[in-house]
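Subject: Structure handover

Dear colleague,

Please find the structure below, with the sequence alongside. My notes come after it.

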Amino acid sequence: MKREIESELAVLVGEAFWSPRRAGNLLLLEFGPQKRFKNHRGEWVTGGRFALHVSCPWRISNRRGMLVGAEDVYLPPSDMRKTPRGWQWGAGPTRFTEQVLRWLPARSEPIAVVQSIRADRFGGFHLSMSGSVGLDVFPCCTADYDLLSEEWRFFAARSRERHFVVSFRTAGRV
């Protein structure tokens, strides 16, 4: 699995890394040159050439420490002294949003450029990027309750090419 992951993600070396987003607890990352396109609603948006969707634990860091991590999605922003009654991570502002705006804001220039990829035998990997930025993705569940449960997927955005998907004990194009 380690070699398959490194081979698939090798196309990212030299590509730009853009500000992360989320959909629920799914991390959405884009790499490569930005292009304008129409989304599924017919709206004009901008996005990168490659997409990485991560549903397992992850973190983005630099030499000073962790900038944002998977669990930040479930926490209220730090300026909320007390979690308000009825606050829900899926509907309200979260620590993820706060951290991304503070450390990795959307901008016309990329955050970093991918320099290298190192995978492990468990389906995880580390992307080293310029500016000492790093992305760690680390599947961490041992249950095989669902062999089809997805840890992460990588694909050429807006393409009909098959996606590279890592799930429990397997990796491959689907």
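This is a predicted model: local features need pLDDT of at least 70, side-chain atom pairs count only at pLDDT 80 or more; totals for chains, interfaces and linings use all residues.

Residues are numbered from 1 along each chain as its sequence is written, and side-chain values use heavy atoms, with hydrogens and water left out.

Helix 1

Helices (H or I, at least four residues) and strands (E, at least two) are DSSP runs, numbered from the N terminus. Helix 1 spans residues 2-9, and its buried residues are Ile5, Glu8 and Leu9. Here buried means under 20% relative accessible area, exposed means over 50%, and partly exposed is in between (1.4 Å probe, protein chains only). These three residues lie on the same side of helix 1, because they cover an arc of only 90° around the axis; the arc is that of the directions from the helix axis to the C-beta atoms. An α-helix has 3.6 residues a turn, so residues three or four places apart point the same way. Arg3 and Ser7, on the other side of helix 1, are exposed. The cover over the buried residues includes strand 9 (112-119), strand 10 (125-129), strand 12 (150-156), strand 13 (164-167) and strand 14 (170-173).

Loop residues

Glycine 24 sits in the loop that joins strand 2 (21-23) and strand 3 (26-31). With a relative accessible area of 36%, glycine 24 is partly exposed. Apart from neighbours within four places in sequence, glycine 24 has contact (heavy atoms within 4.5 Å) with Val73 and Trp89. From glycine 24 to glutamate 71 the C-alpha to C-alpha distance is 12 Å, and the two are 47 residues apart in sequence.

Serine 132 is not a glycine, yet its phi is positive, near 60°. It belongs to the loop between strand 10 and strand 11 (134-137) and is partly exposed at 33% relative accessibility. Arginine 158, also not a glycine, has a positive phi of about 55°. Arginine 158 is in the loop between strand 12 and strand 13, and its relative accessible area of 45% makes it partly exposed.

Cysteines

A disulfide is taken as a pair of cysteine sulfur atoms within 2.5 Å, and by this rule there are 0 disulfides. Cysteine 56 is in none; the nearest cysteine sulfur is that of cysteine 140, 7.1 Å away. Cysteine 56 is buried at 4% relative accessibility, whereas cysteine 140 is exposed at 57%.

Regards
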